[in-house]
Amino acid sequence: MAKMTTSKYPIKATFLKNEEICSLPPAALAMVADFFKVLSEMSRLQIICSLKNGGKNVSEIIEITELGQANVSKHLKVLTQAGIVTRTQEGVNVFYAIANPLVFSLCDLVCNSIATQLEQQNQQLESLKSFKKLF
């Protein structure tokens with residue numbers, strides 16, 4: 001069983017207002033861009049999802065994601081360096097866990113946005129099909 005670690009990210013977060021986000025200095029915007037770059041890889045998202053219900057070792061992550069060992073290790077290193085995942089050594093085993101649970105809220109927002117877009121596209125397609133039947 002993975003050792004539970006305390007997240008350095010509070011569950012309750014202070015959010016910036018839109019105008020504050022737009023006034024961030026370039027260095028801060030670069031950090032935001034880097035965070036999104038880390039999340040822009042499908043394999044990393046699979047690994048994050050595999051850790052949603054608790055910490056796992058590499059073998060467990062491989063089993064869940066069906067990714068290769070070298071691939072999982074490479075992505076875990078990136079996720080750990082980005083502060084999204086924590087790494088805890090327990091004897092010969094290394095366990096990985098989500099360090100920043102806000103990543104799931106972010107993914108939910110993106111997924112909901114994509115679902116809305118797909119629903120709108122589907123409605124437009126149905127409208128075109130109805131229009132086509134008139135001719």
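Modeller: The dialogue below takes helix packing and then the sheet. This is a predicted model, in which local features need pLDDT of at least 70 and side-chain atom pairs count only at pLDDT 80 or more, while totals for chains, interfaces and linings use all residues. Residues are numbered from 1 along each chain as its sequence is written, and side-chain values use heavy atoms, with hydrogens and water left out.

Colleague: At roughly what angle do the axes of α3 and α5 cross?

Modeller: Two packed helices are described by the angle between their axes and the distance between the axes. Here α3 (residues 42-50) and α5 (residues 69-81) have axes that come within 10 Å and cross at roughly 80° (axes are fitted to C-alpha atoms over the stretch in contact, angles running from 0 to 180 degrees between N-to-C directions; helices are DSSP runs of H or I of at least four residues, strands of E of at least two). That makes α3 roughly perpendicular to α5 (65 to 115 degrees).

Colleague: Which residues of α3 and α4 meet?

Modeller: Gln 46, Ile 47 and Ser 50 in α3 meet Ile 61, Ile 64 and Thr 65 in α4 (contact means heavy atoms within 4.5 Å).

Colleague: What is the strand order of the open sheet?

Modeller: The order is β1-β3-β2, with antiparallel pairing (two strands pair if DSSP finds at least two bridges between them). β1 (56-57) and β2 (85-90) are at the edges with a single partner strand each, so one side of each lacks a neighbour in the sheet. Six bridges join β2 to β3 (residues 93-98), and Gln 89 stands opposite Val 94 in β3.

How values were computed
Angles under 35 degrees count as roughly parallel, over 145 as roughly antiparallel, 65 to 115 as roughly perpendicular and the rest as oblique.
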